Amino acid sequence: MRHLISIADLSNDEIEEIFALADSTDELRTEKPATGQIMATLFYEPSTRTRLSFESAMQRLGGSVISCSDMKSSSTAKGETIADTAKVVSSYADVLVVRHHWDGAVQAMAEHADVPVINAGDGGHEHPTQTLCDLYTLRKEKGGLKGLTVVICGDLKNGRTIHSLVFALARFGANVVTLAANGMALPQYVIEGLEREYGYGLMPVAADDLSAVVTETDALYLTPKQPHQLALFTQVDEVIQARLSSMATGLRYDAFYMTRKQKERMKDGTAGNYPTIGANFLREQRFQDTVVMHPLPRVDELSPEVDKDRRGIYFKQAAYGVPVRMALLKFLFDRQEKQSSKPKKSVVYESPETIGPHCRNPNCVTLNEPISTRRKFRILSPDDGGAWLLACLYCDHRSKVQYIGNAKSKRYSSFDPGLVNSLREWLNKGELSIFDTIKEAEELGYEPTKSGPQRVLMNEAEINKALVDIATQILRDCQNPDRLLILGVRSVGAQLAQRLAQEIEKQRQRRPELGEIEIFGAGEELRRVSPTDADAGPLNLKDREVILVDDVLYTGRTVKSALSIIFRSGRPQSVRLAVLVDRGHREVPVRPNYVGKNIPSAENERVRVKLRGLDQETGDQAVMYSIENAAGTAASLSAAEGAVASR
Ligand code: CP
């Protein structure tokens with residue numbers, strides 16, 4: 001049985017097949033291939049286009065529609081679960097079309113339904129049928145998708161249409177320019193997916209290229225097979241900046257895809273500058289062939305002036321909803337018995353234990369209605385070593401694997417790249433336990449692996465001296481210390497950043513602003529730590545001198561992810577990198593500006609910075625472990641060597 005939950009559920013060939021069907025809807029209206037079939041529409045959130053165009057499509061195919069006018073007047077109001085609703089309604093209908101306010105809710109319903117389920121929008125996650133309409137419109141207007149450059153504008157963080165669209169554009173070889181409203185940049189998991197799956201990289205667009213749309217927001221160009229220019233340099237000096245800017249100047253923009261601010265998904269206010277398209281845009285010579293798209297509804301980000309212009313094609317885009325959804329329904333009915341042809345590349349992980357990892361996205365269905373879901377994840381394990389990520393199977397949000405254990409030996413340890421062979425073996429045998437915290441492992445009776453012999457690389461006094469020296473060097477290099485921002489990578493880097501800020505305060509009697517970055521974590525990616533003034537608003541990076549702080553520089557990939565978050569959140573004047581320990585194994589050409597200690601080390605050695613107050617550490621130390629023979633000893637997780645926390 002075929003469901004459509006994500007745009008990734010359709011291959012490019014299948015999308016082309018749907019478009020070919022959409023081109024011949026006159027024949028479908030005559031054939032009426034859905035005669036005798038019933039579609040149920042379950043909309044837990046408001047809709048005009050998606051719902052009515054699906055209902056119209058079904059009726060034009062000869063089928064009929066049952067519906068709840070308002071899900072609040074269904075048994076949902078009495079507390080019925082989405083699982084039970086899906087099971088019951090799938091015995092009344094041949095296809096379910098569902099919109100829900102929780103990310104991943106439609107996937108959960110598909111797991112309990114006996115008929116195909118179509119995602120008509122799940123929280124801030126995906127809206128794949130809107131993307132089919134968008135691609136169909138672009139293809140009609142521009143003749144194809146490959147090589148197009150599409151600017152996506154507005155609320156890229158919460159806009160579910162955007163999350164489906166960018167992946168589809170990447171798959172068809174289009175370039176994407178992101179022009180996000182302040183604080184509404186594409187989520188890191190989307191950027192990470194584009195990079196991992198399609199080799200897309202980020203570079204800045206020259207500031208005045210898009211000034212007709214907005215002046216305060218930075219644009220970024222996402223394009224395939226380009227070096228990750230922006231992310232490689234920690235010191236963006238003027239020469240490099242000019243070179244980078246010139247690389248994305250004078251782009252030909254084929255389409256502007258505008259989105260509204262998704263106020264219903266925002267907890268903390270909606271104030272601030274928001275891109276708009278109006279008369280200025282229409283007058284710009286460079287946009288004379290640029291079509292303007294919008295999934296609608298619009299609020300005030302798209303002026304009605306554009307309605308009269310040939311480039312405003314959003315009503316056409318909405319009208320294509322009927323032929324595209326007719327084609328999709330016909331496609332799914334034809335394939336009821338067939339398996340998805342989508343290649344399944346990643347491994348699905350379910351913990352053998354009752355306690356285990358949780359999705360960190362507070363709007364995920366797994367947290368809001370656990371009874372209808374199972375804790376399932378895709379494991380993203382880079383071939384070349386490095387951290388493992390868990391991607392929630394329902395909402396796709398990602399988190400780092402923190403603690404691992406063996407369900408048979410009941411031993412646990414921190415994740416270590418040196419253990420991956422053993423972890424893969426345990427995964428195959430169903431013995432791999434993953435925990436978010438030590439407490440979870442210990443509640444289940446797991447015992448920690450004993451630490452192996454350690455070599456102290458830096459003691460407390462050396463760490464303190466290194467921080468004093470780094471603070472002095474930062475102040476020496478800084479052009480305007482009043483605008484300095486110290487940004488630590490959570491959690492050890494953030495702790496070091498705090499100490500650096502204290503040291504800088506000692507040296508100049510004024511404390512710099514302090515923030516932290518969380519990569520694949522539970523909360524905001526970027527947040528202010530101090531001052532804690534509630535009126536201070538979100539961290540502003542624009543034209544600031546930023547010092548990025550981390551404990552150990554190993555492959556450079558963490559720094560690269562942090563830089564990507566920084567540059568998506570605002571264009572700083574410069575970013576300099578401070579690390580306590582540089583191990584000399586960089587795979588990404590980042591260049592640290594401030595180093596506490598260079599420690600050339602073997603691949604199979606692990607370095608850990610332990611700080612007082614973190615993870616119950618009683619003092620400051622940088623230590624090194626050897627993980628030789630890790631595969632053998634770690635396989636039972638009972639030996640002394642190997643399974644130790646590392647970076
Ligand atoms: N584009 C879109 O999803 O519109 P509705 O919310 O009206 O369905």
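# Notebook: a glutamate, a ligand site and a tyrosine

**Entry 1. Glutamate 45.** I began with a side-chain pair: glutamate 45 and arginine 160 are joined through their side chains by a polar contact of 3.0 Å. I note here that the model is a predicted one. I then looked up where glutamate 45 sits, and found it in the loop that runs between strand 1 (38-43) and helix 3 (49-60). Is glutamate 45 buried or exposed? Its relative accessibility is 12%, and because the cut-off for buried is under 20%, glutamate 45 counts as buried. I listed its contacts, leaving out residues up to four places away in sequence: Arg99, His100, His101, Arg160 and Arg265.

For arginine 99, a polar side-chain atom lies 2.9 Å from an oxygen atom of the ligand. For histidine 127, an N or O atom of the side chain is 2.9 Å from a ligand oxygen. I also took down the area: the ligand alone exposes 250 Å², and the protein buries 91% of that.

**Entry 2. Tyrosine 446.** I moved on to tyrosine 446, which is in the loop between helix 16 (438-443) and strand 18 (447-448). Which side chain makes a polar contact with the side chain of tyrosine 446? It is that of glutamate 353, at 2.4 Å.

Setting aside neighbours within four places in sequence, I found tyrosine 446 in contact with Glu353, Gly405, Asn406, Ala407, Lys410, Arg411, Tyr412, Ser433, Phe435 and Ala441. I checked one of these by C-alpha distance: arginine 411 and tyrosine 446 are 35 residues apart in sequence and 5.2 Å apart in space.

Entry 3. Strand 15 (residues 403-406) pairs with strand 16 (residues 411-414) over four bridges, in the antiparallel sense. Within this pair, tyrosine 412 of strand 16 stands opposite glycine 405. The hairpin of the two strands has four residues between them, and there lysine 410 takes a positive phi near 55°.

How do strand 16 and strand 18 run, parallel or antiparallel? They run parallel, and two bridges join them. I noted the bridge partner of arginine 411 in strand 18 as glutamate 447.

**Entry 4. The chain.** Last, I wrote down the totals. The chain has 647 residues, of which 59% count as buried. Its secondary structure comes to 20 helices and 27 strands. Among contacts with a separation of 6 or more, 72% are between residues 24 or more positions apart. The accessible surface is about 26300 Å², with 47% of it belonging to carbon and sulfur atoms.

Note on methods
Residues numbered from 1 in each chain as written. Predicted model: local features only at pLDDT ≥ 70, side-chain atom pairs only at ≥ 80, totals over all residues. Heavy atoms only, no water. Polar contact = N/O pair within 3.5 Å; in protein donor to acceptor, adjacent residues only side chain to side chain. Areas by Shrake-Rupley, 256 points an atom, 1.4 Å probe, with all protein chains shown as cover. Contact = heavy atoms within 4.5 Å. Pairing = 2+ DSSP bridges. Buried < 20%, exposed > 50% of the residue type's maximum accessible area, 1.4 Å probe, protein only.
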